[in-house]
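Thanks for coming, everyone. I'd like to walk you through one model, side chain by side chain. Have a look at it first.

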Amino acid sequence: MRKKIFLILIQCSFISLWAQDLPIGQFKAYLPYNKFHSVAQDDENIYAATDQSILVVDKRDGSLEKWSNLNGLSDFGVQTLHADQKGRLIIAYKNANIDVIKDYKVHNIRDILNKQLTGSKVINSVSTFKDRAYFSCDFGVVILDLKTLLIKDSWFTIRQNEPYRAHFLTLHDQRYYLATDKGVFSLPETALNAADFSMWTQESQLSKAPYKLLCSYKNKLFAVRDGGSKEDSVFVYENSQWRYDNLLRTGHIRNIGVKDDKMLVCSWDHVKIFTGDEYAQYEWEPVPPNEWQDGQEVILDEKMNIWVADNSSGLVHINTETGKPKIITAGGPATGDADGLFFSNGVLAVVPGARTPGLYPSFAAPAISTMKSDHWWSHIDFSGFKRANAFNSVVINPLDTNEIYMASWVGGLFKINKATRKIFCYNRDNSILTVPQERLTAKDTSLFISGLAIDKDNYLWMAQSEVVGQIKVKDLKAEEEKWYSFSLPISGEHNMVEHILIDSRNYRWATIPRLNRLFVLRGPLDNMERREVDVKSQAETPGNRLTCIAEDRAGRIWIGANQGVKVIYDAANAFNRDVYAKNILLEQNGYVQILLENEYITCITVDAADRKWIGTRGVGVFLISPAGTEQLFHFTTENSPLFSNEINDIKINPENGEVFIATGGGLISYMGTATAGKENYKEVLVYPNPVREDYFGPIAVRGLMEDSFCKITDAAGNLVWQGYAYGGQLIWNGKDFRGKRPATGVYFVMASSQTGKERRVAKFLFVQ
């Protein structure tokens with residue numbers, strides 16, 4: 001029945017009639033399905049939550065389905081899952097939004113999210129009793145009627161102006177018990193004044209320490225005291241007395257649950273199943289073997305098999321008869337963090353962490369993922385490298401596509417071979433990468449590497465900050481290690497180089513962010529010419545830091561800053577005369593303003609139609625016209641499925657126009673309209689074909705030569721519509737010049753190249 005849910009949930013604007021690509025104008029999530037923190041079930045499915053999405057496992061056939069805010073869920077960022085005995089699935093989000101899946105429909109409950117409160121509204125856990133759901137939050141407990149889906153009451157956990165965080169609520173022997181950050185409290189179930197927290201009784205036999213879990217089992221109540229960095233402690237309430245319990249002692253307890261007459265206790269690497277005072281223990285190995293296990297929650301299904309949400313290896317399924325575990329994951333990147341992207345020859349590479357806005361190390365955990373044709377590969381075993389953090393830039397060696405280079409803003413230059421799965425780190429001991437003496441004296445061997453780029457001669461260029469010789473070059477062709485170093489006239493604490501761009505002229509552009517300076521280099525490696533470009537005098541903006549750089553299809557250099565965008569229009573003359581960065585001025589309502597002058601620009605990427613995709617820190621993604629004078633789209637979390645308005649990087653697949661967007665919440669893509677132009681018209685394709693009467697989406701003509709002019713006519717030769725291709729793809733909305741759908745019949749696309757020498761006619765069927 002799982003699929004029935006989403007037959008009701010998903011109402012797509014149009015259905016893809018061509019299987020190979022995402023429909024134009026649609027988004028697609030690329031999220032990890034190997035790190036789970038919550039698990040729940042109903043009669044038909046197991047539900048496992050990651051930070052960004054939910055994996056659904058069909059109990060009957062083991063088939064998998066992925067849920068996110070792109071295909072039916074109301075929000076992004078799952079905090080916890082819970083399913084009651086009637087199979088109603090409750091999804092609590094990190095922002096306190098709530099979904100209840102009931103009768104195969106998603107019902108969104110926004111009361112806590114919209115509630116005007118000071119302080120945190122985080123939902124720590126969900127409990128259900130008698131058709132009611134109890135949400136234990138940082139401010140108290142909220143009760144939801146699961147029949148009417150209306151909020152019944154709110155209990156604010158505050159007494160004598162002292163707030164208490166509600167961690168977990170349960171019902172035991174006709175009393176409510178509430179675990180808080182300052183002890184355990186109880187109240188009769190029939191009490192009329194539950195909203196008055198001063199009427200709750202503190203369990204005086206327990207300390208006023210943080211308690212995180214409660215469980216009612218066989219006339220006993222178990223309470224887990226959070227041990228912090230030490231072991232947790234378990235106390236049991238029986239015969240009106242609390243006592244310390246040693247039987248459940250299991251290090252850090254992540255979750256306790258009851259199924260039929262059994263109690264399950266989940267620790268980081270094992271599960272204990274109790275039946276009375278007897279228990280059986282089940283363990284599992286992480287994937288890969290040298291990774292840590294990280295069990296978070298556990299449930300027992302009707303066949304008495306164990307399901308563990310493991311935040312390291314995946315969803316663990318343990319057969320209790322054999323004791324053998326099975327790790328369940330689904331395709332996706334190694335981590336939900338996406339910062340640096342690289343796309344080449346159909347392969348997308350993703351690294352998870354860069355630098356803070358102040359250019360300091362973020363210490364993001366190391367990972368590398370690549371995708372080709374929707375198939376993911378990842379390598380996450382960096383345990384042998386202590387300083388493998390903050391991978392901010394990534395490139396693939398064109399001479400050996402198994403070889404990937406990653407820049408670390410802590411540990412140097414890393415190389416990984418996908419075929420052998422071996423990792424190599426270039427540092428001060430095995431390369432010309434250096435560490436300043438003052439940092440060596442302080443026993444700090446950090447190597448700040450960023451801005452990787454490969455030129456047409458297969459030299460790998462990189463930026464190294466805080467050293468003499470800020471530009472390093474590695475020869476990828478050489479059988480033996482061969483390096484070069486170049487210095488820029490900068491010094492002191494602002495001696496940081498962040499980005500390197502190699503343009504179509506083989507010029508190398510280097511940004512000095514803290515000094516708001518830009519250098520360009522050209523020539524052979526043994527006679528390199530350097531020149532500084534003026535980015536200030538004719539581009540007056542409040543911004544004082546260069547944040548990104550890109551070249552458009554006309555050879556102009558676009559520069560992003562912490563306030564606005566600048567353009568070097570005559571970049572080809574950088575070594576012939578002085579060239580300047582200039583602002584793009586827009587006139588709106590009689591006022592002249594600078595393009596995006598108040599926005600922090602994080603990345604600029606140019607598509608096949610010379611349009612600019614601009615990422616920002618905090619306001620999403622802009623698509624602007626080739627000259628920058630017209631805004632075509634502005635995507636935010638409010639008007640699109642973007643996971644975050646914090647944009648880290650953007651890369652484009654030129655073959656199909658898919659735009660990959662690395663956000664602060666994960667990787668997502670948008671199917672754009674611009675593709676790379678072809679050399680001829682041998683691969684022209686109209687899709688969908690035929691255009692059915694119930695299809696109202698865009699009609700595309702792919703495989704065109706660059707910027708082709710196209711006419712669409714009926715069988716009698718009457719002109720229906722005409723326009724130019726976006727690079728190698730024409731987009732038509734299916735309407736004639738009068739805004740009406742044409743009559744049923746065969747139609748022709750007449751395409752001609754920019755010179756008019758090349759022509760092609762393609763036909764398709766249109767159904768009114």
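I'll talk about aromatic rings, then one histidine, and then salt bridges.

Quick housekeeping: this is a predicted model, where local features need pLDDT of at least 70, side-chain atom pairs count only at pLDDT 80 or more, and totals for chains, interfaces and linings use all residues. Residues are numbered from 1 along each chain as its sequence is written, and side-chain values use heavy atoms, with hydrogens and water left out.

Okay, rings. Searching the whole structure gives 41 aromatic pairs; rings of Phe, Tyr and Trp (its six-membered ring) pair if their centres lie within 6.5 Å, and planes under 30 degrees apart count as stacked, over 60 as edge-to-face and the rest as tilted. Take Phe-633 and Phe-635: the ring centres are 5.4 Å apart and the planes sit at 15 degrees, so we call that pair stacked. Are these two buried or exposed? Phe-635 is buried at 9% relative accessibility, while Phe-633, at 36%, is partly exposed. Buried here means under 20% relative accessible area, exposed over 50%, and partly exposed in between, with a 1.4 Å probe and protein chains only.

There's also a cluster linked by ring pairs, and its members include Trp-155, Phe-197 and Trp-200. Over the face of Phe-197 you'll find Arg-159, at 5.1 Å from the ring centre. To count, NZ of Lys or CZ of Arg must be within 6 Å of the ring centre and within 35 degrees of the ring normal. Arg-617 does this with Tyr-600, at 4.4 Å.

Now the histidine. His-167 sits in strand β16, residues 166-172; strands are DSSP runs of E, at least two residues, numbered from the N terminus. At 19% relative accessibility, His-167 counts as buried.

Last, salt bridges. The structure has 38 of them, each a side-chain nitrogen of Lys or Arg within 4 Å of a carboxyl oxygen of Asp or Glu. Lys-59 and Glu-302 meet at 2.9 Å, N to O, and they're 243 residues apart in the chain. Glu-302 is partly exposed, at 45%. Compare Arg-545 and Glu-498, which meet at 3.1 Å: both are buried.

Notes:
Helix = DSSP H or I, 4+ residues; strand = E, 2+ residues; numbered from the N terminus.
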